[in-house]
Amino acid sequence: MIKLFNTLSLKEDFFKPISDNTVGLYTCGPTVYLFAHIGNLRTYLFEDLLKRMLIYNGFEVNHVMNITDVGHLSSNADVGEDKMELSAKNQDMNAWKMAEFYTGAFMKDLERLNIIKPDNIPKATDHIAEQIEMIEKLEKNGYTYQLEDGIYFDVSKFAEYGKLSRQKMDEKQAGARVEVNLGKRNPADFALWKFTASGVKRQMEWDNPWGRRGFPGWHIECSAMSTKYLGQPFDIHCGGIDHIPVHHENEIAQSEAASGKNLANYWLHGEFMLVDGRRMGKSEGNAFLLEDLIKRGFDPLAYRYLCLNTHYRIQLNFTWESLAGAQKALDRLREHLNVFSQSVNRDSKSANSEYKKTFTDAINNDLNMPLALGNLWKLIKDENVANEDKYFTLLDFDRILGLDLSKKNEPLVNIPAEVNELVSKREIARSEKNYKLADEFRTKISESGYEIEDSSDGPKIKKIIA
């Protein structure tokens, strides 16, 4: 059995890409039948941090993310309706146009969160031929059987089934729902291709070698498209933690049974998000959208900042209070950077080596973003580091953080260094709610011949004209 790594560290040569300088990265994309909620988006933020970390360390990243626009049934047991067809019916929409609409909405959310767009974003419906071809390979290799409702993968034929979730076959079978077995040889067997039921006309169905029009199962699309765009094996496969026991386990089985090769060497999964300590979900009434946050006056990047405070493999509890705290912290960071920008009087853009090393060590150790953020705030308060060094160091850190700080902070010049230092100390005092000390610094700034005006974009400094 090939060992599958469930963490990723660049320390001590733990990470060994297949190619020296290029990393193949596959991340499971959305099923585009509804808007993505912020719990979904947390996973894409974690994957963006991973990609940024690799790029920061000098790797080129070939990033593929699929769009599921067919075949994802309402039950993992291969029963129920296709989520696309069901949602189109409920919304009285054409399934194809609905998929296009929600794909566009999802891409807009990624842009709002400053998530780097994947290099390839293939759709399941554009790769039906590749999925059929892979199923035929599995058929030839003896891993499939046919039932009245479709073509199934026989997990008992794949000796390593369960190696990702580390569940034994009898454990998986014990957890399966026998009442929806549909004649499957094993409860864990899964559909590769589903036939359209007799007397039913679907919006999305295709001809195939098995004689009855139908549509692909959910899992086969990722195997077919990851192989097409990244080859097999590739380096890193990501997704939400809920994908481990079914979707990703099935991907591994069908991909490796078809090719005889390992699918991916590293598997990273983002944990769930809770809301006020409860599971997030549409049935719970707490599946907030990014748009809901914006309507309440929050910057989408405040949500990004909030996610940075919890490791991707630890559950994050969302509250409106915690988001408000993240917004305040982001505003403070922008204010500090604006102050630091006013000390920039040179062309050099090098980061502080000591803080850069600490920051890099943190992100390279399985994306320890809470530790990296702690290092950032330590830098801001360090009076032994010049403001212009802080400015360039923070912009360097933002290559990972993705808070888009550079767009809001153009360097200003011609403000004396000692005045900028006073402004910086005042901002630190204000952030610590030491308003008496902040007023003392304001007085010293005034005595130096300058006045300070607080604004939403940070403090503005002007020379006092007599």
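User: Which ring does the charged end of Arg202 sit over?
Analyst: A charge counts as sitting over a ring if NZ of Lys or CZ of Arg is within 6 Å of the ring centre and within 35 degrees of the ring normal. Here the charged end of Arg202 lies over the ring of Phe215, 3.6 Å from its centre. Another such case is Arg313, placed over the face of Tyr312 at 5.7 Å from the ring centre. Please keep in mind that this is a predicted model, where local features need pLDDT of at least 70 and side-chain atom pairs count only at pLDDT 80 or more, while totals for chains, interfaces and linings use all residues. Residues are numbered from 1 along each chain as its sequence is written, and side-chain values use heavy atoms, with hydrogens and water left out.

User: Which residues lie nearest the centre of the second largest pocket?
Analyst: Rolling a probe the size of a water molecule over the atoms shows where empty space is left. On a 1 Å grid over the protein atoms alone, a pocket is an open set of points where a 1.4 Å probe fits, with protein on both sides within 12 Å along at least five of seven lines; lining residues have an atom within 4 Å of a point. In this model, Gly80, Ala197, Val200, Arg202 and Phe215 lie nearest the centre, out of 18 lining residues. Both α2 (83-90) and β5 (190-195) supply at least two residues of that lining; helices (H or I, at least four residues) and strands (E, at least two) are DSSP runs, numbered from the N terminus.

User: How many charged residues are in that lining?
Analyst: Asp, Glu, Lys and Arg count as charged, Ala, Val, Leu, Ile, Met, Phe, Trp, Tyr, Cys and Pro as nonpolar, and the others, Gly among them, as polar. The lining has 10 charged residues, along with five nonpolar and three polar ones.

User: How many aromatic pairs does a search of the whole structure find?
Analyst: Rings of Phe, Tyr and Trp (its six-membered ring) pair if their centres lie within 6.5 Å; planes under 30 degrees apart are stacked, over 60 edge-to-face, and the rest tilted. The search finds 20 pairs. Tyr145 and Tyr152 are stacked, because their ring centres are 6.1 Å apart and their planes at 20°. Tyr391 and Phe392 have centres 5.3 Å apart and planes at 70°, so this pair is edge-to-face. There is also one aromatic cluster, formed by Phe288, Phe298, Phe318 and Trp320.

User: Are Tyr391 and Phe392 buried or exposed?
Analyst: Buried means under 20% relative accessible area, exposed over 50%, and partly exposed in between (1.4 Å probe, protein chains only). Tyr391 is buried at 3%, and Phe392 is buried at 7%. Tyr145 and Tyr152 are buried too.

User: What is the strand order in the open sheet of three strands?
Analyst: Strands of a sheet pair through backbone hydrogen bonds, either parallel or antiparallel. Two strands pair if DSSP finds at least two bridges between them. The order is β10-β9-β11, with mixed pairing. The edge strands, β10 (278-279) and β11 (316-318), each pair on one side only. Strand β9 (residues 273-275) runs parallel to β11, joined by three bridges, and Val275 has Phe318 of β11 as its bridge partner.

User: Where is the cis peptide bond that involves Pro233?
Analyst: Most residues other than glycine have a negative phi, and most peptide bonds are trans. The cis bond joins Gln232 and Pro233, with omega about 5°. Pro233 is in the loop between α6 (218-230) and β7 (234-240). As for phi, Asp366 has a positive value near 55°, in the loop between α11 (353-364) and α12 (369-381).
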